[in-house]
Amino acid sequence: MNNVILASGISLIIGLLGTPLWIRLVVRLGYGQMIREDGVSTHQSKRGTPTMGGTVIVVGSLTGYAAAHLITWTVPTISGGLVLFLMAGLGVVGFVDDYIKVFKQRSLGLRSRAKATGIVIVGVVFAVGCLQFPNPMQLTPAAPSLSFLRDFGPSIGPYLFVLWALILIQGVSNGVNLTDGLDGLASGTVGLILAAYVIIGNWQFRQSCAQALVPNCYEVRDPLDLAVVAAAVLGACFGFLWWNAPPAKIFMGDTGSLALGGVLVGLAITTRTQFLLAILGGMIVLITMSVILQVGWFKISGKLFDQPRRLFKMAPLQHHFELSGWAETTIVVRFWLICGLCVAAGVGLFYLEWVPK
């Protein structure tokens, strides 16, 4: 438990103190955020805001995790290393995307094929690694199975598991990217979900089959260290949020959104809670679905009516409320509240099987 406190505290300090240093560096280099011309008109005032702040989150998370293990003289685990590899790998892909945007001064960075290729390479390495490295109990970081509160159903095999992991990585990282449309929205939302994974990892450790063969014990390889990973990223996120809250002095960019999406998927797979993530991240799912519904209805209505129609004034969902006259801070806080309810529901479901009948 000491590692959880140390990792979160160290990464929080790095996020708080490192972000303003990054802001100064980015301003000096002239790397400001590009704003799409077809976006919300009020966002044009944000053009030039320092970006690629996700770099601080990634560096802070890695440093906090490593420092906690160094201080307590404990050995990092394979599960924790794989999740952080996924986070850092996707962060590098996002960083290249952001760099192209600011260097070439355009709102589009990497070509979609190159970006997808980078995500696939990192995702495959992570997924394959999750099926390797058995411990003395023959537990690997993940099993080739689907999971909700734990693994269920028959094995889907290694090939389908890798494909499933890639679908999750692509979906969640894009979902976090869509959520990152207003100041502080994505960092606050992901922070709440990470807090849930600190609780889940700690509980799985206390009820681990390696500790005691109690009914409903968890066959998770390194649950406590996964809580350390979640705590490290949580601390970095909240430190960054201090500067990212409305009005934001820096944006996380694709560097942050891809990295944070990756760490959420990594934790979901290694804690065997893949489908539970859909409940914990209900806010991200809702925002993603608003885009899917908007695009789908636009195409269908074009065939049914004289001209295409829209379900929302603009997608993702947060921009619909902006155009409806809601203040940005109001939207962010209310979406945080919805996210908090989703996290509470997810954690409640996780504990449900332990409630005395």
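Colleague: Where is Leu311 found?

Modeller: Leu311 is in the loop between helix H10 (282-304) and helix H11 (317-323). Keep in mind that this is a predicted model.

Colleague: Is Leu311 buried, exposed or partly exposed?

Modeller: Its relative accessible area is 46%, so Leu311 counts as partly exposed.

Colleague: And what is Leu311 in contact with, leaving aside neighbours within four places in sequence?

Modeller: Leu293, Gln294 and Trp297.

Colleague: How many residues of H7 are buried?

Modeller: 18 of the 22, so H7 is largely enclosed by the rest of the structure. From first C-alpha to last, H7 reaches 30 Å, close to the expected 32 Å.

Colleague: What about H12, what should it span and what does it span?

Modeller: Helix H12 (residues 328-352) has 25 residues and should span 36 Å at 1.5 Å a residue; its end C-alpha atoms are 36 Å apart, which agrees. Its buried residues include Ile331, Phe335, Cys339, Cys342, Gly346 and Phe350.

Colleague: Why would residues three or four places apart point the same way?

Modeller: An α-helix has 3.6 residues a turn, so residues at that spacing point the same way.

Colleague: Back to H8. How does H4 pack against it, parallel or antiparallel?

Modeller: The angle between H4 and H8 is about 25°, with axes 12 Å apart. That makes H4 roughly parallel to H8. The crossing is right-handed.

Colleague: Which residues make that contact?

Modeller: Lys115, Ile119, Phe126 and Cys130 in H4 meet Asp254, Leu258, Gly266, Ile269 and Thr270 in H8. They divide into five nonpolar, two polar and two charged.

Colleague: And H4 with H5, at what angle do they cross?

Modeller: Helix H4 (residues 112-130) and helix H5 (residues 157-179) cross at roughly 130°, and their axes come within 9 Å. The pair is therefore oblique. This crossing is right-handed. Among the contact residues are Ile119, Gly123 and Phe126 of H4, with Phe161, Ala165 and Gln170 of H5. The classes are 12 nonpolar, two polar and no charged.

Colleague: What does Leu82 touch, not counting residues up to four places away?

Modeller: Phe126, Gly129, Cys130 and Pro141. Leu82 lies in helix H3 (residues 78-104). With 11% relative accessibility, Leu82 counts as buried. The C-alpha atoms of Leu82 and Val263 are separated by 9.6 Å, though the two are 181 residues apart along the chain.

Colleague: Is Ser257 buried or exposed?

Modeller: Ser257 counts as buried, at 0% relative accessibility. This serine lies in helix H8. Beyond its neighbours within four places in sequence, Ser257 is in contact with Ser173, Val176, Asn177 and Met252.

Colleague: Last topic, phi. What is the phi of Met52?

Modeller: Positive, about 60°, although Met52 is not a glycine. Most residues other than glycine have a negative phi. Met52 is in the loop between helix H1 (2-29) and helix H2 (54-72). Its relative accessible area is 1%, so Met52 is buried.

Colleague: And Trp73, is that one buried or exposed?

Modeller: Exposed, at 74% relative accessibility. Trp73 is in the loop between H2 and H3, and its phi is positive too, near 55°.

Conventions:
Residues are numbered from 1 along each chain as its sequence is written. This is a predicted model: local features need pLDDT of at least 70, side-chain atom pairs count only at pLDDT 80 or more; totals for chains, interfaces and linings use all residues. Side-chain values use heavy atoms; hydrogens and water are left out. Helices (H or I, at least four residues) and strands (E, at least two) are DSSP runs, numbered from the N terminus. The expected span of a helix is 1.5 Å times one less than its number of residues. Buried means under 20% relative accessible area, exposed over 50%, partly exposed in between (1.4 Å probe, protein chains only). Axes are lines fitted to C-alpha atoms, for helices over the stretch in contact, and angles run from 0 to 180 degrees between N-to-C directions. Angles under 35 degrees count as roughly parallel, over 145 as roughly antiparallel, 65 to 115 as roughly perpendicular and the rest as oblique. A crossing is left-handed if the near helix is turned anticlockwise from the far one by less than a right angle, and right-handed if clockwise. Contact means heavy atoms within 4.5 Å. Ala, Val, Leu, Ile, Met, Phe, Trp, Tyr, Cys and Pro count as nonpolar, Asp, Glu, Lys and Arg as charged, and the others, Gly among them, as polar.
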